[in-house]
Amino acid sequence: MVVANRLPVEWDSASGSWLRSPGGLVSAMEPVVRAADAAWVGWSGGASAAGAASQPVAGDGLTLVPVPLSADEIEQFYEGFSNGTLWPLYHDVIAPPRFQRSWWESYVAVNERFAAAAARAAGPSATVWVHDYQLQLVPALLRERRPDLRIGFFNHIPFPGYELFAQLPWRRELVLGLLGADLVGFQRQGDATNFLRACRRAAGLATRGSLVEVPGQDGDAPGRRARVAAYPISIDTAAFSALARDGGVAERARRVRSDLSDPPVVLLGVDRLDYTKGIVHRLLAYEELLDERRIDPRDCVLVQVASPSRDRVDQYRKLRDDVEAIVGRINGNHGSLERPAVHYLHRAYPREEMAALYLVGDVMLVTSLRDGMNLVAKEYVACRNDETGALVLSEFTGAADELGSAFLVNPHDVEGLKEAVLRAVDVSPREARRRMRSMRKRVRVFDVAAWAAAFLAALESTPAGTTPSPRGGGTEQASTASREGNGR
């Protein structure tokens, strides 16, 4: 059973069909769930009446267990604590997080509802895989209700260093919530290390390597060990590769390039409209290249897809205004009636259209300021079957750990970003092929099936309910916990 904030599909009454839910988590997990014939617990994406109940349903070939959220809970739990507190805090405080008690109380209540729904639906001794930052209390709440379950948790976004995490008034509660899982997974080893430190500092627990000694529910109950490790997520590489070979997708790519007036070079950005994605930094670097005449707008065009995201949150509305102002200025100074310098598209597209855009983009720009993984980078690589194209990739993404043949950049360094873009534009076909071949091998071998298999195998091999040693994890670990403090 998968437990995630959103269901993978939602019913569209206007079209009378199931539509894919947005987000990288759904893109990665849907093929895994279909292959395993698993159930999926999640929110449908709309507001329900307070106190509404729902039953499992079949949707688009999947077994769905909807968890209703009221309009107030969407505001407090989702827009508030999840995306106004945790999201900016976990992304290096790029935007200031807000710590509001009513948001926390709603977060607790909704996590309890998710845990209750999963507890009711899970079979005896089932494996339950909980996902992402919105549901960090669910593992412990679920274990209280169903100690027979084997529970895994995977965090799709970064986990911050303790100096940032310590700002959270409820840091101990979140750490203990996550430690209800037998296995806690992260995208990068640095994230796992940050969480292990939080276990010591925020909860006063001893660690031994990747293991955390978790006390029992009361003084007499036996304790257990939770394992913490990195499992970088991937994509359904074969599906994207096949999609890029589809005749209709290839024809669509040709039409898009023709509609762009067949420029020699197409730069491409594909992101959610989010302040973590570095869209503004990307646009400003491109503008400077145009201002300095190092790129000719007659020979190069930037296509920027920015799918809508959290439009009701003030920071996201301001970001949209800023992006649109920069795009307008660039086009006003460097575009023409026949050929804008930037084609800005503020909408979501189906997977087939995205594959066509990946074929059109000669240079893919991924300039995130902080990203757990960034699956767009891997999707682009998977679609480049002819081994052409170039990837400019932020070193602050999890993907940078795996796609080392990309043109790696620090997006805060505007000069460095400009130089990387020019190198990618001017790369020789031979070097481009060498780089792309290396990256394609990585995403082909380590695809989403390999990722899921690795995580679930580790979860299965992690002893459930193991009693810690009498010394509480060993003298070294106990002294570490004492030295770093129990701090709330």
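What follows is a walk through the fold, from the whole chain down to a few single residues.

This is a predicted model, in which local features need a pLDDT of at least 70 and side-chain atom pairs count only at pLDDT 80 or more, while totals for chains, interfaces and linings use all residues. Residues are numbered from 1 along each chain as its sequence is written, and side-chain values use heavy atoms, with hydrogens and water left out.

The chain comes out with 17 helices and 18 strands; these are DSSP runs numbered from the N terminus, with helices being H or I of at least four residues and strands being E of at least two. Of its 488 residues, 55% count as buried. Here buried means under 20% relative accessible area, exposed means over 50%, and partly exposed is what lies in between, using a 1.4 Å probe and protein chains only. As for contacts (heavy atoms within 4.5 Å), 75% of those between residues at least 6 apart in sequence join residues at least 24 apart.

Turning to the interior, nonpolar side chains tend to be buried together in soluble globular proteins. A nonpolar core is taken as a set of buried Ala, Val, Leu, Ile, Met, Phe, Trp, Tyr and Cys residues joined through side-chain atoms within 4.5 Å. The largest such core holds 101 residues, and F165, F195 and Y286 are the members that touch the most others. Helix α3 (residues 101-121) gives the most to this core, with nine residues. A second, separate core has 65 residues, including A4, V305, A406 and V448.

Next comes an open sheet of six strands, with parallel pairing and the order β15-β14-β13-β16-β17-β18. Two strands pair if DSSP finds at least two bridges between them. The edges are β15 (342-345) and β18, each of which pairs on one side only. On average, neighbouring strands of this sheet are turned by 15° against each other, direction ignored. Within the sheet, β13 (residues 265-272) and β14 (residues 300-307) pair in the parallel sense over eight bridges. L267 stands opposite L302 in β14, and R272 has S307 as its bridge partner. Strand β14 is well covered, as eight of its eight residues are buried. C300, L302, Q304 and A306 point one way from it, while V301, V303, V305 and S307 point the other way.

Helix α14 (414-426) lies across β13, β16 (363-366), β17 and β18, and runs at about 170° to β18. That angle is one between N-to-C directions on a scale from 0 to 180 degrees, with axes as lines fitted to C-alpha atoms, for helices over the stretch in contact. Then there is α15 (residues 429-445), whose 17 residues reach 24 Å from first C-alpha to last, close to the 24 Å expected at 1.5 Å a residue; the expected span is 1.5 Å times one less than the number of residues. A432, R435, M436, M439, R440 and V443 of α15 are buried. Looking down the axis of α15, its buried residues fall within an arc of 130°, so they line one face of the helix. R430, K441 and R444 are exposed on the other side. The buried residues of α15 pack against α8 (237-245), α13 (375-383), β17 (390-394), β18 (407-409) and α14.

Most residues other than glycine have a negative phi. S125, in the loop between α3 and β7 (127-131), has a positive phi of about 55° although it is not a glycine, and S125 is exposed, with a relative accessible area of 53%. N374, in the loop between β16 and α13, also has a positive phi, near 85°, but N374 is buried at 8% relative accessible area. Finally, S82 sits in helix α2 (residues 71-90) and is buried, with a relative accessible area of 0%. Residues up to four places away in sequence aside, S82 touches F77, W87, Y107, Y133 and Q134.

Technical notes. Arc of directions from axis to C-beta.
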